[in-house]
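Here is a short tour for someone meeting this structure for the first time. Have a look at the picture, then read on.

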Amino acid sequence: MAATFSAKLALHQGSRFINHRLFHTTRRRDIVKPFLLADIGEGTRECQIIQWFVQPGARVEQFDKLCEVQSDKTASDITSPFDGVIKKLYYEADDMALVGKPLLDIDIQSDITPESEALIEESGGEKADVPRKEAPQPQAPRHEDSNVEREEVQGPLSRTKHQDKGLATPAVRHLIKEHNIRVQDIDGSGKDGRVLKEDVHRHVSQTTQKSTQQPAAKDQKKPLTPVQMAMFKTMTRSLTIPHFLYSSTVDTGNLNRFRAKINNTREAGNKLTPLPFILKAISLATGHHPLLNAWLDTSDPKKPELSYKAAHDFGIAVDTPSGLLVPVIRNIESQSVGTIAEQIKMLSSKAREGKLGPKDLQGATFSVSNIGSIGGGVVAPIIVEPQVAIVGVGRAKVVPGFDEQGNVVKKEEMVLSWSADHRVVDGAECARCAERVNWYLQNMEAWMLEMK
């Protein structure tokens, strides 16, 4: 019986070999290749290793996750382009990895296509060439080898089993760092053992209860997070911009009454806030004052150049657990207030969940910082190059005022604070654009004359 099975299997393998000789165009190579970290953003030179999904000795297949990294403001997974075995990791979790430098070594154990072979040559992997051979004779299966491979695939580092401790989103890891604890010490209650914010708070609470004596507070030195580092670099460059500041108070009574009428017909979770109206008003105003929706290119200091942007792609500042992020709402000039509101809701949710991609954060032609959602009135927002203007929205409030007959009445107002690049935008142009925005917000019916 066993002999018959072996003969049939050998015959089957022989037929597979014939097909291989006729149609297969790749060849087997034994390669230990350094896997280089590719550029994953606009000029990003480094990123932080959030977590490893593999360790040395783990067998991986093409498209298996190797690690999760976070660049300046976005997190992404790095996957394997080959089948093979992990030989060496060059970084620990939380280390900063350099673009273009080895991330790990992988022993490639699969057929290499010409395209993959070209990739190997470019990346400088060390190869042990195996000359092209004639077809081997069919052999009986090696059950012991199959068992070994099955054990590796089903091992703790397999992609089918992620119950190891240490899985957490960047926002949760930031919270863990603030409490100066290790993610491995926390029992995660999320999917596949992922650590959630609630798990961190529960662990801190339990640890506090167990401790009979609190240690004395000590100073802590911590490196900047990727988001903080990006902000550090951006704001340092912004110091070279001479800012012109202008603030104005907007009577929002008409706007709020108009919103109330619309919101009475909308569901509870879909109410309109003032922000989409403000974005649309700025878009209409910059249609008359295009200089404020422009980019200034100073790459050649002797010949700076202005680029007037046809699209109104506005960045909106969003406060998240990872820090301040500025996703971009595209083509506001051609969107309604309702669709703008939907875009704000969607991008804000993605930002707080750490799901923004590089494209969500690139290419803003103008920025709006809604600091009023937290507090404050007059602010001095900082311009982000190559943009030439930004506006800060203060908190809406009720104040006493006078009507046309001189009677004291209740008024609703907010302050809009503008900053413009004084190298190319004069104060009068900024003031004219700001006052046009105010007029739009105070005269909602006038929009019908200009809406496209």
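## Helix 8 against helix 10

Helix 8 crosses helix 10 in a right-handed way. Keep in mind as you look around that this is a predicted model. The two axes, those of helix 8 and helix 10, come within 9 Å and cross at roughly 130°, and helix 8 and helix 10 are therefore oblique to each other.

Which residues make the contact between helix 8 and helix 10? On the helix 8 side you'll find F277, I278, A281, I282, L284, A285, T286 and H288. Helix 10 brings C433, R436, V437, Y440 and L441 to the meeting. Sorted by class, this contact of helix 8 with helix 10 has 10 nonpolar, 2 polar and 1 charged residues.

## Helix 8 against helix 9

Helix 8, which runs over residues 274-288, also packs against helix 9, residues 337-352. Here the angle is about 120° and the axes lie 9 Å apart. Helix 8 and helix 9 are therefore oblique to each other, and their crossing is right-handed.

Who touches whom? From helix 8 come L275, P276, F277, L279 and K280, and they meet V337, I340, A341 and I344 of helix 9. By class, the contact of helix 8 with helix 9 has 8 nonpolar, no polar and 1 charged residues.

## The two sides of helix 7

Now slide over to helix 7, residues 253-263. Its buried residues are G253, L255, N256, R259 and N263. Looking down the axis of helix 7, you'd see these buried residues fall within an arc of 160°, so they line one face of the helix. As a general point, an α-helix has 3.6 residues a turn, so residues three or four places apart point the same way.

What covers the buried residues of helix 7? The cover includes strand 12 (243-251), helix 8, strand 22 (408-421) and helix 10 (427-442).

## A glutamate in helix 10

Back in helix 10, take a look at E429. Is E429 buried or exposed? E429 is buried, with a relative accessible area of 15%, and the cut-off for buried is under 20%. Leaving aside its neighbours within four places in sequence, E429 is in contact with H289, L291 and L292.

Most residues other than glycine have a negative phi, and most peptide bonds are trans. A few spots here go the other way. D94 isn't a glycine, yet its phi is positive, at about 80°. You'll find D94 in the loop between strand 7 (84-89) and strand 8 (96-98), and with 35% relative accessibility D94 counts as partly exposed.

N180 is another residue other than glycine with a positive phi, this one near 55°. N180 sits in the loop between helix 4 (170-178) and helix 5 (197-210). At 58% relative accessibility, N180 counts as exposed.

Then there's a peptide bond to look at: the one from E385 to P386 is cis, with omega near 5°. P386 belongs to the loop between strand 19 (366-369) and strand 20 (389-393).

Note on methods
Residues are numbered from 1 along each chain as its sequence is written. This is a predicted model: local features need pLDDT of at least 70, side-chain atom pairs count only at pLDDT 80 or more; totals for chains, interfaces and linings use all residues. Side-chain values use heavy atoms; hydrogens and water are left out. Axes are lines fitted to C-alpha atoms, for helices over the stretch in contact, and angles run from 0 to 180 degrees between N-to-C directions. Helices (H or I, at least four residues) and strands (E, at least two) are DSSP runs, numbered from the N terminus. Angles under 35 degrees count as roughly parallel, over 145 as roughly antiparallel, 65 to 115 as roughly perpendicular and the rest as oblique. A crossing is left-handed if the near helix is turned anticlockwise from the far one by less than a right angle, and right-handed if clockwise. Contact means heavy atoms within 4.5 Å. Ala, Val, Leu, Ile, Met, Phe, Trp, Tyr, Cys and Pro count as nonpolar, Asp, Glu, Lys and Arg as charged, and the others, Gly among them, as polar. Buried means under 20% relative accessible area, exposed over 50%, partly exposed in between (1.4 Å probe, protein chains only). The arc is that of the directions from the helix axis to the C-beta atoms.
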